[in-house]
Amino acid sequence: MIRTDLGAGRGKALPAPLPFKIPSATLRELVGIPPCLHCNPDTDSEEPPMQTLDLALDRDQAFMDEVARESGQDLKSCYQCGNCTAGCAYTQDYDIPVHQVMRLVQLGQRQAALSCRSVWLCATCQACTTRCPNNIEVATVMDVLRHMARRAGYAPERLVKTFADEFLTSVARHGRVFEVGLAAVFALKSGKPMQDAGLGPAMLSRGKLSFLPHTPGGNGKAEVAAIFERFRNRPAPHHPATTNSEDE
Amino acid sequence: MRIGVMVCHCGNNIAATVDVEAVAAAAREFPDVVYATDHMYACSDPGQKTIEQVIRDLKLDGVVVASCSPRMHEVTFRRAVERGGLNRYMFEMANIREHVAWISLDRKRNTQKATDLVRMAVEKLRVDRPLTPKSFDVQKRVLVVGGGVAGIQAALDCADGGLDVILVERRSSIGGIMSKLDKTFPTVDCSVCVLGPKMVDAGQNPRITLHALSEVEEVSGYVGNFEVKIRKRTTYVDWTKCTGCGACQEKCPSRKVPDAFNENVSFTTAINIPFPQAIPKRASIDAEHCIRLTKGKCGACEKVCPTGAIDYAMQDEFVTEKVGAIIAATGLSLFDHKKCGEYGAGRYPDVVTSLAYERMLSASGPTAGHIKRPSDGAEPKTVVFIACVGSRDRSLNRPYCSNFCCMYTAKQAILTRDHIPDSKAYVFYMDIRANGKGYEEFVRRAQEEYGVEYVRGRVAQIYPQNGKLVVRGADTLLGRQVEIAADLVVLAVGAEAAKGAPELAEKLRISYDAYGFFMESHPKLRPVETNTVGVYLAGACQGPKDIPASVAQASAAAGKVLALLSKDKLESDPQIALVAANRCIGCGKCERTCPFGAIRMRELRDGSQRAEVVETVCQGCGICSVTCPVRAIQLQHFTDSQLLAEVNALCRTWDETSES
Amino acid sequence: MSARLGYYPGCSQSGTAAEYDSSTRACCKALGIELVDVPDWTCCGSTPAHTVDHHLAGALAARNLIQAETAGLDCVATPCPSCLSALKTADAHLCDAAYKAEVERLLGRAAPGPMPTQSTLQALYEKVGAQGVAAQVKRPLTGLRVACYYGCILNRPPGLMAFDDPENPVAMDELLNACGAEVVPFPFKTECCGAAFAMPRLDMMQRLSARILGMAQNCGADVIAVACPLCQMNLDLRQGQVNAAAGAQYAMPVPYFTQLLGLALGLPAADLGLAKLVLPLAPALEAAAARAAEAEAKRQAKANAKNGGTPRNQEDAPCA
């Protein structure tokens with residue numbers, strides 16, 4: 001469970017481990033403790049971390065089917081070559097490298113796959129999809145796992161989720177994203193209001209800050225609002241694999 | 001007529017979905033059928049013996065066997081029928097396995113269909129006639145296409161067996177890819193030292209006629225009597241006068257010709273002998289780069305040649321050879337790494353292919369065996385090998401494994417550590433395929449004795465930085481992205497069919513697969529034969545394989561050829577076209593439509609024309625029979641009457657069953 | 001030559017990427033491409049939508065395709081790669097019956113028919129091309145060393161974006177080459193800059209953008225030309241933040257390729273929004289001009305020296 005020098009970066013010393021555990025992910029981020037490998041405070045697991053896997057009984061076939069159905073990808077053709085991880089721009093921040101996320105799906109390990117940080121830190125930059133020798137759309141699978149993680153109530157990267165949520169809220173409200181509004185709301189909700197404060201003057205002096213939303217003229221705003229309304233009220237999926245909360 | 005019918009169970013293959021006893025019972029009622037039985041395995045020894053016995057005991061005139069595809073056992077049963085005392089063509093086969101039992105689980109419908117097929121076979125048999133094959137002389141000569149190690153081995157074996165061999169090689173020297181290798185796995189033998197004596201043998205053997213810088217232009221004829229037109233491309237050098245002294249090469253001013261033998265790592269001259277051990281050791285001119293041939297200037301080689309062998313006016317020559325059999329041994333080419341954008345698509349000079357690296361390792365190569373970075377000539381200290389480039393890759397349409405890359409990569413890594421003791425070698429691999437004798441031990445040696453670092457994972461990207469190449473890959477066993485700054489990167493490029501393989505296959509009338517590799521008759525039981533009688537396969541042209549396998553296959557192909565041509569005469573297939581001269585009106589349409597040129601128009605004494613079939617050339621395709629407006633030309637054993645008998649039988653049965 | 005294309009600006013073009021919009025419009029106009037704004041366009045959903053739900057993303061994008069279709073447009077061009085990806089994905093997946101049904105349910109109306117989409121880069125490349133651009137260059141960018149940075153999704157995945165090589169795209173290189181610039185070989189053309197993570201995970205964006213700036217500098221580039229509003233923001237507006245995290249002092253201007261193209265075409269700077277660049281372009285342009293002048297002077301001097309001396313003996317035959 002304890003991370004040693006993995007992901008520390010060249011030459012940078014890790015902060016000394018604290019004598020107590022900080023339960024909240026937000027608090028941990030505020031205090032400045034980087035996300036911990038193999039340790040996810042959002043899930044309460046009492047099982048030993050490297051528990052022996054029964055290949056028949058510990059496999060969630062419904063989960064595997066759901067991933068296949070939603071992503072349209074057949075992970076049987078993945079031979080774990082690692083090309084995706086090799087080209088992944090974000091792997092340094094992942095807790096589980098992308099090829100291992102695929103392996104978790106291949107082995108039907110629902111909780112491990114959906115609770116990891118990696119699926120939230122994937123930018124769908126498509127390096128993996130482009131290079132997969134078996135033509136698997138790896139980024140699509142990561143996207144789908146993120147959808148399923150949301151539905152299952154996992155959100156180990158709180159700010160990533162907040163950003164996406166606030167972006168879509170802005171779109172739902174205005175028909176187009178109101179950049180300044182989004183930045184303001186995010187600054188408040190992130191608990192790091194000063195992070196981008198330094199950019200203010202540069203943006204202001206160059207007229208990059210529009211303090212009013214650019215609302216489309218016709219029915220666009222209403223139609224977009226209606227799309228979101230229908231999305232919010234969509235019927236819950238019938239898969240037993242997805243429970244917990246609906247997201248927004 | 002007295003007909004016997006045997007319906008086979010084929011174990012469970014047929015019996016599971018067809019009621020074979022019912023089929024036999026129905027057959028008993030068919031006209032002229034005096035005997036009908038079912039049998040567990042008709043093709044087995046007891047099955048065949050039963051057929052022979054029944055023919056004799058019941059004085060049968062013909063036999064129908066309802067079983068598998070004729071492609072499996074038609075020959076078997078024809079022989080059995082012949083042993084029983086009948087003409088082998090008084091036999092019909094109804095395919096109730098591949099055409100019935102294996103395509104449907106509906107027992108009732110299957111049984112009906114099987115019964116119909118047997119009925120059709122019986123009706124055809126009733127109008128079958130005995131046919132007699134003719135025998136014809138064979139040429140005790142064999143054509144070997146391709147002068148790599150497989151072609152050379154096949155040629156030597158055939159020559160040893162007493163056959164005359166025509167060896168045709170596309171390049172100006174034989175030797176193929178093996179002649180480009182430095183050392184071979186797993187023994188680390190010097191490649192050309194091992195191959196050289198064989199090459200010399202092939203060049204000097206009195207039974208072997210070597211046509212280098214030549215290609216097969218056209219093939220006609222049939223097994224035992226192929227006629228092959230060979231294009232001998234012009235070398236612009238009279239090889240009867242050239243001694244291979246090399247003076248021309250020294251004086252040639254055109255020095256920037258990409259050296260194909262050295263995988264374009266270096267340059268050669270327009271007139272050259274490709275490598276020191278070349279057979280034939282003769283010079284040839286690359287016309288595209290020759291100043292004299294392109295601009296009309298120079299002529300240095302002509303001036304210095306001590307024997308006056310240079311001939312700028314030389315043209316391609318055509319030679320026709322008659323052979324009894326053909327062995328295709330055209331080898332392979334390598335995947336073009338320029339298709340891999342992530343490895344630089346050929347833009348980075350220090351990313352080389354395995355074969356280019358092999359040339360660098362070779363003492364007779366462009367760097368005299370010193371490993372040097374192509375970019376700056378410096379000795380590399382970190383060499384990274386990347387496996388599976390253009391193999392096991394669906395996205396590049398190369399899903400297959402190329403068979404030898406794991407092994408040659410281990411070899412090259414070992415040689416690297418040998419040449420440069422303070423170097424580091426890394427191999428990025430997905431799996432290690434080391435299944436030959438001593439192969440696994442060899443790969444272990446690379447890791448344990450030579451300290452080659454094997455990293456399990458692919459490489460996503462190579463990019464230049466500060467004079468080195470950063471190789472970014474993954475170690476999937478550790479679960480991390482990894483990278484290494486390499487001085488030189490060697491790509492283990494995969495095997496592809498040789499350039500022009502499909503075109504040659506068309507000429508030889510053999511099949512090839514989606515990747516251009518020639519198709520064997522049966523992947524397990526007939527790996528060196530093709531579906532075209534008389535044409536055999538040897539070496540990597542059939543599929544990627546290493547040297548021991550190529551040599552073994554070459555000897556196997558030679559064995560087949562020696563067996564084929566061990567007889568003085570071969571039998572021709574009597575299922576060919578025949579002209580009823582009294583019906584023929586001499587319109588000549590059949591002659592024009594025959595794709596094999598097997599029909600000739602003959603003039604009678606009264607001046608009228610009649611078509612005549614050249615029996616030995618006819619392949620029995622039947623196109624003439626369809627073309628003839630008066631039905632004068634008929635395909636024996638598939639005449640109009642015979643085919644119509646089958647059709648009528650089917651229609652009649654359908655009438656009967658629909659009425660009931 | 002003239003071409004008529006639907007134009008989908010995308011949300012950033014009204015705000016943080018206004019100069020990309022104005023310079024794109026200006027270049028297209030100058031080069032004979034008519035851009036017809038998709039009427040009443042709305043947000044395509046970009047990355048956040050597809051990371052929440054694929055049908056939501058499809059509906060948001062499809063709405064704009066309907067707008068284009070209704071306006072009688074037969075092709076839509078957009079400067080933003082993320083918008084392009086959203087539009088193309090929706091268009092491609094609508095052939096699947098289940099997807100289409102759900103998207104229509106969210107839209108509350110029938111889905112659009114097939115609508116081809118392309119980047120404005122592709123439009124310029126295919127409809128005008130390097131030769132077309134070269135013919136119209138008034139102020140060549142001689143001496144300006146440019147690293148062309150395409151961003152991670154403009155050409156990927158190749159099955160979807162279907163334009164240019166996904167590992168080594170060259171469209172921008174060729175257009176800027178035609179403008180007289182010296183395009184440097186740049187191995188990180190398609191490496192991700194950090195995308196939309198600047199706000200939620202600044203540390204990741206800082207690391208990735210630092211890598212790109214570092215490589216561009218290593219390759220001797222004066223500027224990095226971009227084709228994506230997010231890349232531009234991360235590399236230009238946030239270059240200070242990148243410097244802070246990396247302990248570096250990059251001062252690399254990051255203009256949109258259309259700004260450079262516009263300059264070369266002699267378009268007014270105001271139309272190109274050059275003043276909106278955080279790292280000013282002017283110093284790089286001046287340095288380039290000075291270098292070009294110096295190189296030209298040297299060449300002249302050499303030519304003069306040559307002509308002043310005795311003519312060389314011209315020997316034709318190269319051989320003995």
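Biologist: Which domains does the domain assignment of chain A give?
Modeller: Please keep in mind that this is a predicted model. For chain A, the assignment gives domain 1, made of residues 25-43 + 53-152, and domain 2, made of residues 158-232.

Biologist: And what distance separates the centres of domain 1 of chain A and domain 2 of chain A?
Modeller: Taken over C-alpha atoms, the two centres are 28 Å apart.

Biologist: How many helices and strands are there in chain A?
Modeller: Chain A has 12 helices and zero strands.

Biologist: What percentage of chain A counts as buried?
Modeller: Of its 248 residues, 43% are buried. As for contacts in chain A with a separation of 6 or more, 68% join residues 24 or more positions apart.

Biologist: Turning to chain B, into which domains is it divided?
Modeller: Chain B is divided into domain 1 (3-131), domain 2 (135-233 + 316-331 + 507-567), domain 3 (235-315), domain 4 (334-496) and domain 5 (577-636). The C-alpha centres of domain 1 and domain 4 of chain B lie 59 Å apart.

Biologist: Lastly, how many residues of chain C are in contact with chain B?
Modeller: On the chain C side there are 10 residues, and they are in contact with 11 residues of chain B.

Biologist: What kinds of residues are on that side of chain C?
Modeller: The side of chain C that touches chain B has six nonpolar, two polar and two charged residues.

Key. Residues are numbered from 1 along each chain as its sequence is written. Chains are lettered from A and ligands numbered from 1 in the order in which they are written. This is a predicted model: local features need pLDDT of at least 70, side-chain atom pairs count only at pLDDT 80 or more; totals for chains, interfaces and linings use all residues. Helices (H or I, at least four residues) and strands (E, at least two) are DSSP runs, numbered from the N terminus. A residue is buried if 20 or more other C-beta atoms lie within 10 Å of its own, exposed if 12 or fewer, and partly exposed in between; C-beta atoms are placed from the backbone. Two residues are in contact if their C-beta atoms, placed from the backbone, lie within 7 Å. Domain bounds come from an automatic or database domain assignment. Ala, Val, Leu, Ile, Met, Phe, Trp, Tyr, Cys and Pro count as nonpolar, Asp, Glu, Lys and Arg as charged, and the others, Gly among them, as polar.
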